[in-house]
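Take a look at the fold below. The text then moves from overall form to individual side-chain pairs.

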Amino acid sequence: MKQKDEITELLQRLYGFSDDQLLKAFKEAEAEVEAEGGPTPDPEGFERLWEKMREQGL
């Protein structure tokens, strides 16, 4: 069995979620994003981000 990551364990401890509840919530959020059209591809996004980082000296 795959070991759970720290975020999953924290959510389960804080809110008492089971694996099934977390999976259901994720699937619902995924379906909602998809129904709203989801993120749109931005081919020039990397170049804009890179230029902005260079301008800020990062």
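This is a predicted model: local features need pLDDT of at least 70, side-chain atom pairs count only at pLDDT 80 or more; totals for chains, interfaces and linings use all residues.

Along the principal axes, its C-alpha atoms fill a box of roughly 45 × 30 × 25 Å.

The chain holds three helices and zero strands. The order from the N terminus is α-α-α. Of the 58 residues, 5% count as buried.

Helix 2 spans residues 19–35. Its 17 residues reach 24 Å from first C-alpha to last, close to the 24 Å expected. Gly-37 follows helix 2, with a positive phi near 100 degrees.

Now the charges. The chain carries 8 positive and 15 negative side chains, and the centres of the two sets lie 4 Å apart. Side chains of opposite charge can pair when their charged atoms come close. How many salt bridges does the structure hold? There are five.

One of them joins Arg-13 to Glu-9, with the closest N and O atoms 3.9 Å apart. The two residues sit four apart in helix 1, so about one helical turn separates them. Arg-13 is exposed at 63% relative accessibility, while Glu-9 is partly exposed at 31%.

Glu-28 pairs with Lys-24 at 3.9 Å, four residues away in the helix. Lys-27 pairs with Glu-30 at 4.0 Å, three residues away. Lys-24 is exposed at 54%; Glu-28 is partly exposed at 46%.

Terms used: Residues are numbered from 1 along each chain as its sequence is written. Side-chain values use heavy atoms; hydrogens and water are left out. Buried means under 20% relative accessible area, exposed over 50%, partly exposed in between (1.4 Å probe, protein chains only). Lys and Arg count as positive and Asp and Glu as negative; His and the chain ends are not counted. The place of a charge is taken as NZ of Lys, CZ of Arg, CG of Asp or CD of Glu. The expected span of a helix is 1.5 Å times one less than its number of residues. A salt bridge is a side-chain nitrogen of Lys or Arg within 4 Å of a carboxyl oxygen of Asp or Glu.
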